[in-house]
Amino acid sequence: MSDFGVSDVEEDDDDSGDLAAPENGEPDAAEEFTDAEEMVGEAAVSHDFVENEDEEDEYLAPKEPNPYLPWILLGSAWGVFILVVGGLFLWLELTEDATMAELRAMRPQMSMQVPPPKQPLQPSQSNITAPASAGASQETGTSGTSAGVEQQQAAGSNDTAGEEAVTQTNGVSAQSAARLETVAVLHPHPDPDLVEDGELGPLPIVDAAGRKPWRVYSRPFNALETRPRIAIVITNLGVSATSTQSAIQELPGAVTLAFAPYARRLDEWINASRAAGHEVVITLPMEPLDYPRSDPGPYGLLTTLDAEQNLRRLEWVLSRFTGYVGVTNFLGSRFTTDAEALRPILIELKRRGLMFVDGRDNPLSVAPRLATEVGLPRAINDIFLDQQASRIAIDNQLKEVEEVARRNGAAVAFGRPFPITIARLKRWIRSLKERGFVLAPVSAVAGRQADR
């Protein structure tokens with residue numbers, strides 16, 4: 001029995017030895033398992049189940065966006081917008097005349113027979129006798145002259161150097177004086193006797209009989225008028241054809257029109273204005289306080305130039321057209337405060353028989369005082385109507401004009417040819433007479449305002 005047990009144990013030992021060290025060089029089970037694992041690993045790598053570190057990544061990392069790309073796109077968009085808008089404005093400017101002609105041709109047409117203008121009434125016809133006592137003759141007097149009583153005959157031959165100012169008296173009521181009002185017919189221009197041939201063009205001059213352009217070319221006005229006078233001056237005309245045409249056609253003839261010397265078609269605009277009964281002035285560019293940020297143009301009067309140079313520039317402005325009664329300043333908030341630079345200009349305006357309308361761009365302007373000293377007829381702007389171009393603001397300014405006129409007997413207001421300004425003026429003027437005022441050309445208030 002013991003022999004059997006020993007033999008079994010020994011056989012077991014032999015079997016364990018077979019597992020540990022196989023004979024005949026055959027691979028054991030562990031080696032076979034390792035080989036299979038390696039084969040599976042290679043297959044997994046070949047089928048992308050396992051990342052192969054030796055191969056390059058097939059997916060590239062995303063690029064960083066250009067930080068300037070939004071600005072480039074924005075700049076491109078603005079560039080396209082500016083080109084489109086600029087091209088549109090250029091096209092409108094080039095085709096303005098043709099477009100306006102086409103629009104006028106599209107308007108409904110009608111024919112009507114216009115009666116000839118009424119002839120001025122003479123004092124004998126109206127049973128009104130002018131007061132026997134006439135005021136002393138004065139260079140800077142108002143339009144209340146003997147020519148005013150006779151309604152300034154078309155030839156203006158009665159406007160002499162010794163013109164007499166007629167003063168309203170208790171013997172002539174305002175109601176009777178109103179009967180002298182007639183259709184205004186302006187003196188034709190240019191009057192050969194009032195023109196001097198200058199190197200740059202025609203220049204105004206006082207003729208041998210003492211007639212002055214500011215009298216001859218003025219709009220006739222009743223000198224016996226006692227109601228407070230309000231003069232409206234529309235400036236910056238001639239720059240925009242549409243605005244200029246609206247001012248000429250839509251506003252009453254008693255409104256004074258001021259034209260820029262740099263504008264095109266000036267002769268055409270002046271002829272149309274005077275045909276509609278408007279008195280005309282020309283704007284004289286002058287140096288502002290913020291020069292050169294605000295530039296009055298190549299012919300602007302500057303405090304840095306000597307008197308001869310400024311007078312040369314004045315001649316260029318005055319030679320642009322004829323038929324105007326005087327000048328008003330464009331800008332000039334610095335030049336009108338410099339007495340040394342301004343005095344030669346005002347003396348030259350007086351020598352040429354013109355008047356000066358101070359736009360009052362600067363409350364410290366010395367122009368009114370100097371004009372009085374040199375004997376130059378002048379008017380002073382009291383109110384800017386449309387610095388704020390809104391209905392309420394303009395209506396408030398018009399009420400202020402009425403207060404000034406009621407207090408001082410005369411007032412001047414400046415406005416620009418904005419559609420809202422023209423619309424409010426038309427509405428205001430319709431009821432002006434009912435409120436006790438009279439609309440007057442700017443020449444009719446010359447010398448009626450106190451220096452300031």
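Predicted model: local features only at pLDDT ≥ 70, side-chain atom pairs only at ≥ 80, totals over all residues.

Colleague: What do Asp207 and Arg211 form, and how far apart are the closest N and O atoms?

Modeller: Asp207 and Arg211 form a salt bridge, with 2.7 Å between the closest N and O atoms. In general, side chains of opposite charge can pair when their charged atoms come close.

Colleague: How many salt bridges does a search of the whole structure find?

Modeller: The search finds 21 salt bridges. One of them joins the side chains of Glu348 and Arg352, at 2.8 Å from N to O.

Colleague: Are Glu348 and Arg352 buried or exposed?

Modeller: Glu348 counts as buried because its relative accessibility is 13%, and buried means under 20%. Arg352 is buried as well, with a relative accessible area of 2%.

Colleague: And which salt bridge involves Asp358?

Modeller: The side chain of Asp358 meets that of Arg360 in a salt bridge, at 3.6 Å from N to O. Asp358 has a relative accessibility of 1%, so it counts as buried. Arg360 is also buried, with a relative accessible area of 13%.

Colleague: Let us turn to strand 7. Which way do its residues point?

Modeller: Strand 7 covers residues 355–358. Met355 and Val357 point one way, while Phe356 and Asp358 point the other way. All four of these residues are buried. As a general point, the side chains of a regular strand alternate between the two faces of the sheet.

Colleague: How does strand 7 pair with strand 6, parallel or antiparallel?

Modeller: Strand 6 (residues 326–331) pairs with strand 7 in the parallel sense, over three bridges. Within that pairing, Val327 has Phe356 of strand 7 as its bridge partner.

Colleague: A change of topic: how many aromatic pairs are found in the whole structure?

Modeller: A search of the whole structure finds five aromatic pairs. One of them is Tyr262 with Trp316, whose ring centres are 5.8 Å apart. Their planes lie at 35 degrees, so the pair is tilted.

Colleague: Where in the chain do Tyr262 and Trp316 lie?

Modeller: They come from distant parts of the chain, 54 residues apart. Tyr262 is in the loop between strand 4 (256–259) and helix 9 (266–275), whereas Trp316 is in helix 10 (residues 307–318). Tyr262 is partly exposed, with a relative accessible area of 35%, but Trp316 counts as buried at 16% relative accessibility.

Colleague: What kind of pair do Phe321 and Tyr324 form?

Modeller: Phe321 and Tyr324 form an edge-to-face aromatic pair, 5.2 Å centre to centre with 80 degrees between the planes. Phe321 and Tyr324 are both buried.

Colleague: Which residues form one aromatic cluster?

Modeller: The cluster is formed by Tyr262, Tyr299 and Trp316.

Colleague: What about helix 8: how many of its residues are buried?

Modeller: Helix 8 (residues 241–250) is mostly covered, with seven of its 10 residues buried. Among them are Ala241, Ser243, Gln245 and Ile248. Ile248 has a relative accessible area of 6%. From Ile248 to Ile234 the C-alpha distance is 9.9 Å, and the two are 14 residues apart in sequence.

Colleague: Finally, the surface. Which residues form a nonpolar patch there?

Modeller: The patch includes Tyr68, Leu69, Trp71, Trp78 and Phe81, and its residues together have about 1100 Å² of accessible area. Tyr68 is found in the loop between helix 2 (29–46) and helix 3 (69–94). With a relative accessible area of 58%, Tyr68 is exposed.

Conventions: Residues numbered from 1 in each chain as written. Heavy atoms only, no water. Buried < 20%, exposed > 50% of the residue type's maximum accessible area, 1.4 Å probe, protein only. Helix = DSSP H or I, 4+ residues; strand = E, 2+ residues; numbered from the N terminus. Pairing = 2+ DSSP bridges. Patch = residues over 30% accessible without salt bridge, like charges linked within 9 Å, V, L, I, M, F, W, Y side chains within 5 Å. Areas by Shrake-Rupley, 256 points an atom, 1.4 Å probe, with all protein chains shown as cover. Salt bridge = Lys/Arg side-chain N within 4 Å of Asp/Glu carboxyl O. Phe/Tyr/Trp six-rings, centres within 6.5 Å; stacked < 30°, edge-to-face > 60°.
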